[in-house]
Amino acid sequence: MGTYAGTGARETPEPGNEKMPDQPTHRITLQPVHAELTAPAGTALRDLLFAQGVEFPCGGQGRCRGCRVHVLEGQVSVNDAQRERLSAEELAQGWRLACQCALDDDLVIELRQWDAAILVDETPFAFEAREGLGVAVDLGTTTLVTQLLDLRTGRVLAVRTALNSQARFGADFMSRVEFAVPKDGGQQLRDLIRQQIGSLIEQLVFAAHIPQEEIRDVVVVGNTVMHHLFCGLDVEPLSRYPFEPDQLGLQTFRAPELGWKLSGPARVRFLPCLGGFVGSDILAGILATNLHEREELTGLVDLGTNGEIVIGNRERLLCASTAAGPAFEGARISMGMRASTGAISEVRVEDHSVRCRVLGNVPPQGLCGSGLVDAVAAGLELGRIQSSGRFTAGGGAWELAAPVVLTQSDVRELQLAKGAIAAGIRMLLERFGASARDLNKLYLAGAFGNYINRASAQRIGLINFPSEKVEAAGNTALLGAKLALFRPEGEDGSFARIRQQTEHVPLNADQSFQETFVEEMVFPNMGARTWEVATGETPEANTQNSAPRI
Amino acid sequence: MTPFEELQQAIIDGKAFVSKALTERMLKDGVRPGEFFPKAIIPAMDEVGRRMRECEFFIPEVLIAARAARASSDILRPLLVGAEAMSSAGTVVCCTVKGDLHDIGKNIVAMMLESAGFKIVDLGVDVNAEKIVNAVREHQANLVALSALLTTTMVNMKSVVEALTAAGLRDNVKIMVGGAPVTDAWAHSIGADGYGKDAPSAVELARQLATA
């Protein structure tokens, strides 16, 4: 990805994005997201973390405990405000108020506000300066992220995140569709989300102390269901096969049409979608990772409930979605939970047993997606789990760290999720006549892509590429939306070009998908990742029999 | 181990090649074709069903076991003639309903029903009610098994029940439904005869309904 190449003058160095050659810098690693930043010594942690979406409830005055962070490595000095708000024990454990600290050492910090931190994007990007301010919106099924940008400097002036207010009508997007189809459900969901984004923008304006008339442009990205609901389009075509809506294109609004209190000339664009299950968040991801301009075969995967995959180069892009299910988010896992305090986020093998890392320095309460992937990888390593997914010793549960257990059916859920993604990647590569080794790079988009341990993902056969080819790309949807802010009116053509270049592949309709999916459900056996090893049959025996009609 | 036990084991282990070879050898040794189903294939698949229900087996193992069962039954079916002909447990028209493309679950149920002695007419995925009505008529089916994996397509099960009623075939067939969003209550509400929560239950249910 590019770096800051703005033509606009910047008065202050962008925290986290620049190295000042003649000033000492420190490295700061944010857990659990593994985000790494570099900043000049003395930079206020408040500025650094604010750009990451960490919120400061009292405005950074040291009057509350909302911004407290857990320092895992490095020294951070303590002042009176912190002594007042934090107990001696907490201070000894490394808890600090971020708003009261400056960067004086290389640090590893665990954020308490995980959810906020996982969502935003701080990737440096190249842009051409424009007048005015812009707002980028990543409209997710579960979460919303909004960033206010100064289009002259590319600086993020404010960040607001929230849970999607439609969530009360169903957690996943299919249940929203179900709610929207009859009667006026669609209208209700449309009004809700428009109102919520409108009020987030008001909060951004307020937080940044800017006149709202300066907002020129708002870019919204989201999956196809979110696109349809926000734009007030009929979601009925998204409820059934072939899941191909006819209105995927760019939708443009003026703020007042949406009921937003922006009095200026603000234009609101919802970027176009690529297919029924591949939305403008993925188009934005292509934009962010520059997939459409690369010579080498490159991939982008969003490891979510509806795992989206794009593979291609500047000649041609293929995209698909696979129903991976919610296992990566810890749902339908017996002790699954989101990546928040109390979740086992990492499992490592040490001396023939497992060691778990728990978020927030509290007793373990459950298992989040990254912990699940790690735990199964560890189970395979220790021989507790066989390549078929079965527990070697039988029994229903394996205790990771009391009271948290991994059950046999948890392993099965993960097999479904990873099988779907791995099969999707394999099939798109096959369409290029390529194999895993022909892929130059694979970008993992989204929160889970940041969390997941790549070695574990490889061990379970989710990502069948060498670690050096796999890279976490962060919130590419938000980054893509930001890039779109710098492409004014006449350049909407670039989205049209990406859409033209991209072919949506309906995997479900492909006869061989189910077979590939079942093959990929099996865990790799000591690197020899084959169906034969798992079934105890020789390749000859398998090929002589007719292929399973599954 | 008796040859029947050996064959059962080969099926459970998913060894299609072994199951085929064993079947051929046993036939050569004078085992009557009609003996295979009650003494090896049906008990083996019942065991596969039990293991699946206990999470010991998962989709891949069930599918390769079913394939191994088929390697044996494919040899046997043409040999089952006259009095030796297997008294078929019944004919099942199965499919995934209109608007839905998911078929792994439906295929597993179909394979297990087949191993349990049912004749299967698999119409595939995204199948409308009219096609089902025609198939029931043409094959004189006594069971209809419907699958749906989406809350938005599950409603189409209801249209199938209605279409069978409208065609005057409702009294000839029992209708069973299944799939992730489907429940027992749903089955009742649309006037179906039963709900199978997983493949082994579907086999049990089919046996019950076929003899009811």
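Start with the domains of chain A: their centres, taken over C-alpha atoms, are separated by 31 Å for domain 1 and domain 2. The bounds are 25–119 for domain 1 and 133–293 for domain 2, and such bounds come from an automatic or database domain assignment.

Before going on, the caveats. This is a predicted model, where local features need pLDDT of at least 70, side-chain atom pairs count only at pLDDT 80 or more, and totals for chains, interfaces and linings use all residues. Residues are numbered from 1 along each chain as its sequence is written, while chains are lettered from A and ligands numbered from 1 in the order in which they are written.

Chain A has 17 helices and 22 strands; these are DSSP runs, H or I of at least four residues for helices and E of at least two for strands, numbered from the N terminus. Of its 550 residues, 51% are buried, meaning 20 or more other C-beta atoms, placed from the backbone, lie within 10 Å of the residue's own.

Now chain B. Domain 1 covers 3–84 and domain 2 covers 91–211, with 25 Å between their centres over C-alpha atoms. The contact (C-beta atoms, placed from the backbone, within 7 Å) takes 13 residues from domain 1 of chain B and 11 residues from domain 2 of chain B. On the domain 1 side, α3 (33–53) and α4 (59–76) of chain B each supply at least two residues. The largest share of that side, 8 residues, comes from α3(B).

Terms used: A residue is buried if 20 or more other C-beta atoms lie within 10 Å of its own, exposed if 12 or fewer, and partly exposed in between; C-beta atoms are placed from the backbone. Two residues are in contact if their C-beta atoms, placed from the backbone, lie within 7 Å.
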